Amino acid sequence: MKKIYLISILMAFTLWLSAQTFISEDFSAGAMPPAGWTIDAHATNWSADASANAGGAAPEAVFFYNPSFNGASRLISPEIDLTGYASVKLMFKHFLDDYEGAGYVLGIATRSGGGAWTDAWTVSPTGDIGPEEKVLEIATADVGASDFQFCIYFNGNSYNLDYWYIDDIMLFLPYGTDAGMAQITTPTYVGGAVPVTGVIRNLGTNTITSVDISWKVSEDMTYTSTFTGLSLDFGESTTFSCNDLFHFPIGGYTLEVWVSAVNGGTDDNPGNNLKSKPVNVYSHSIYRKPAFEEFTSSTCGPCASFNTSFNPWTVEHADEITLVKYQMDWPGNGDPYYTEEGGERRMYYGVSYVPWPQCNGAYVDYSIGAVQAAFNEAIQQPGIAKIAASHTLSGTEITVNANILPFADFNDFRAHIIVIENTTTGNVSSNGETEFHHVMMKMMPGANGTTLNMMDRESVVLTETFDLVNTNIEEFDDLSVVVLFQDNNTKEIFQSEYSLEDGAYSVNAELSSLTYDGTPVPGFNPNMLEYEIELPEGTTEVPLVEGISLDPSVTVVVVPAWELPGTTVVDVFSEDLAHRFTYQIHFSVEVGVGEPGNVPVINLYPNPAKNTLNVTGAKGSDMKIFSLTGQMLMNINEFNEQSIDISTLKNGVYTVQFVLEDNTLVNKKITVVK
């Protein structure tokens, strides 16, 4: 026993000598420079910003062109003792937002003893770079010194770039076998069965020829796929798509994906094998109206040139998009209609020049071809939220009511209510434009909008009032209002809509008919919300339910039962999205009469369930609820209640087992969706 223990210590010590991390910096402290780091010149051009453009997580390091200079600026690491080493690895994420495409160099350099810098990697940009993750081998003469340092530097005319974003810097000595889970690429919001996909990277010295990728959702079973025929050397990566599909009921889940084997064996560094991300199965989708935002100025010559094609394009697509323009305070004296809220919006997006168009929160090159391409891509994305908004104007005071209906769970989203003037001429300046369109006048309640944490199919009603007397509005009868629904972290806009002036929305949320597989539900009454339907013996497919309303403005969302027996839910929302009827059809399956082994019909509803589960046909039985991994979560002896509290159960699929008085076992499945 002692010999085994000693051998284990020696193996661990040997592994520690051959693999370790010297520096790991993700700028999470939000300080610039980070603790222990220094900047040798032009420190005001560096910052730690709440953005994630390099591909990591906010915050990240940012090098900005302003104030412009011609020379070098270095972000310098602390001193590191590399005695006895001949080479080390450096890994970092970065994204370059280029401007001129020439006139400067980006690089990594090393030094020891505070001496001269030696380049280890350089690039002379000719355009944008990344976002990408770089993995470099550092083998300069400085490696091996007890006072080794490296720097990330810019050299040249800073005016020739816009931003350089940097994150997740790591200086390390690699393990032998090390497959790192670099990214899960399965979408955050899905509408059905999708593959589990991602990227793995070889961070070890040994070539990777095969890898096992495993995944699971919450306490559900583990799925594993094996990928062979690989040939990944250090720093190389590959994408993967697992064999088993992510297919779960409507709701929110945590997807965990990890490397479970490498080259048929274990990974020397399990610390980077696992990643997780939230995945939401949405309940409904509609058209997502693309939101275009343009940062512009009446003193910007290129803006005038771009708008000669962009303005007619927006008119042509007026019914398909929303449009907001923010007038900026540069170049020169800038636009007279600049507002601080527009400036905050500019900082949120990292806008560094004008014209700067955005589509659904993502930058678009200022050419009409790029705009059309962005529009074509945007209209392919599902709209998983709906907006109904109206506004009234009393003198100079505007009141906006905006109702938002989500079709999934959304956390840290923002609702932006934006008052615009359709045409202005009072801000004509030096670029030749004689009028301006959809100019932002007020963001309500401010540039940061209203924070929303929303549950699937639970609408939110927002009301904002503001006196516009001190704004630059020229004609109060020429106002419009745009409502944006935006992910505050990714900046993606999930839905946009114009408000209706003095709009009156219908509050009707009734169905006129309800069918299953084309058959009318017996005894349907618009005000009767629950129905019991017994399907023929042997039925295994959940019927297709359709709800129809005489009012075409209603929104009908059908959430089908996951299995039989089960409950299909039909949510009906009025045009104003604030009124709701919920119909439920409880499906059971006929059981043969007089057959050997015949057992009582036990029904569980609703299914999917939320906090309460109703049970019929199980009186006097023992009832147990198990996770799909076999863990018993609830145990009720001699069950006599009609319903039980399941609020402690997380989202997922569970087995409900009944032990009848004659010891017969009956197993049912339920889905819990909160």
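Helices (H or I, at least four residues) and strands (E, at least two) are DSSP runs, numbered from the N terminus. This is a predicted model: local features need pLDDT of at least 70, side-chain atom pairs count only at pLDDT 80 or more, and totals for chains, interfaces and linings use all residues. Residues are numbered from 1 along each chain as its sequence is written, and side-chain values use heavy atoms, with hydrogens and water left out.

**View 1**
A pocket is found on a 1 Å grid over the protein atoms alone; it is an open set of points where a 1.4 Å probe fits, with protein on both sides within 12 Å along at least five of seven lines. Lining residues have an atom within 4 Å of a point. Here the lining has 21 residues. Nearest the centre lie R457, R580, P608, K610 and V673. The most comes from β41, with 3 residues.

**View 2. The second largest pocket holds about 440 Å³ of space.**
That volume is the space filled by probe spheres set on the grid points, which are joined across faces, edges and corners. By class, its lining has 8 nonpolar, 5 polar and 8 charged residues. Nonpolar covers Ala, Val, Leu, Ile, Met, Phe, Trp, Tyr, Cys and Pro; charged covers Asp, Glu, Lys and Arg; the others, Gly among them, are polar.

**View 3. A disulfide joins C300 to C303.**
A disulfide is a pair of cysteine sulfur atoms within 2.5 Å. Here the S to S distance is 2.3 Å. A search of the whole structure finds 1 disulfide. The link of C300 and C303 is right-handed, with 85 degrees about the S-S bond.

**View 4. M623 sits in strand β44 (residues 621–627).**
M623 counts as buried because its relative accessibility is 1%. Contact means heavy atoms within 4.5 Å. Leaving out residues up to four places away in sequence, M623 touches L613, V615, M634, N635, I636, F639, I644, V656, Q657 and F658.

**View 5. Helix α3 spans residues 340–349.**
Its buried residues are E341, G342, G343, R345, R346 and Y349. Just after α3, G350 takes a positive phi of about 75 degrees.

Note on methods
Buried means under 20% relative accessible area, exposed over 50%, partly exposed in between (1.4 Å probe, protein chains only).
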